[in-house]
Amino acid sequence: MDHVKGLENVVENSKNLAGALPEEMKAFRAFSGEVYKDGVLTVKEKEFVTLGIAIAVRCEGCIEAHVRNLVNLKATREEIAEVISVAVVMGGGPSTVYGAKALEAFDQLSK
């Protein structure tokens, strides 16, 4: 699986955590699976929300995962940029650094 430069360990670390906490991570994955279904909001809209939160709280692994999901959901660079703008409003200056990482991830993953 290709990863964004600098975020190579996300998948491996998640697998390691699942090995250490199998029941807890199974429950978390089940909960996530329920959340990330179309409802009042579409899955794509939920992924936009999640990406904005990931940028604002500075979670590189989350940024990679949710940008990848958004690329698969056919999000545009313009949509990603707009999500970044909202995250920057909520997260301040540090979110500009992580917003730039999200845009870089989109550019790499959408090639």
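The legends below describe close-up views of a predicted model. In this predicted model, local features need pLDDT of at least 70 and side-chain atom pairs count only at pLDDT 80 or more, while totals for chains, interfaces and linings use all residues. Residues are numbered from 1 along each chain as its sequence is written, and side-chain values use heavy atoms, with hydrogens and water left out.

**View 1. Helix 1 and helix 2 cross at roughly 120°.** Helix 1 covers residues 10–20 and helix 2 covers residues 22–35 (helices are DSSP runs of H or I, at least four residues, numbered from the N terminus). Their axes come within 5 Å; axes are lines fitted to C-alpha atoms over the stretch in contact, and angles run from 0 to 180 degrees between N-to-C directions. Helix 1 is therefore oblique to helix 2 (under 35 degrees counts as roughly parallel, over 145 as roughly antiparallel, 65 to 115 as roughly perpendicular, and the rest as oblique). Leu17, Ala18, Gly19 and Ala20 of helix 1 meet Pro22, Met25 and Arg29 of helix 2, where contact means heavy atoms within 4.5 Å.

**View 2. The largest nonpolar core has 18 residues.** A nonpolar core is a set of buried Ala, Val, Leu, Ile, Met, Phe, Trp, Tyr and Cys residues joined through side-chain atoms within 4.5 Å. Buried means under 20% relative accessible area, exposed over 50%, and partly exposed in between, with a 1.4 Å probe and protein chains only. Leu51, Ile55, Ile63, Val67, Ile80 and Ala102 touch the most other members. Helix 3, helix 4, helix 5 and helix 6 (93–109) each give two or more residues to this core, and helix 6 supplies the largest share, five residues. Apart from neighbours within four places in sequence, Leu51 contacts Ile63, Val67, Leu70, Ile80, Val83 and Ala102.

**View 3. A disulfide links Cys59 and Cys62.** The S to S distance is 2.3 Å (a disulfide is a pair of cysteine sulfur atoms within 2.5 Å). A search of the whole structure finds one disulfide. The link of Cys59 and Cys62 is right-handed, with 65° about the S-S bond. Cys59 is partly exposed at 24% relative accessible area, and Cys62 is partly exposed at 28%.

**View 4. Arg58 and Lys74 are loop residues with positive phi.** Arg58, in the loop between helix 3 (43–57) and helix 4 (60–72), has a phi of about 65° although it is not a glycine. Arg58 is partly exposed, with 37% relative accessibility. Lys74 lies in the loop between helix 4 and helix 5 (77–91), and its phi is near 70°. Lys74 is exposed, with a relative accessible area of 65%.
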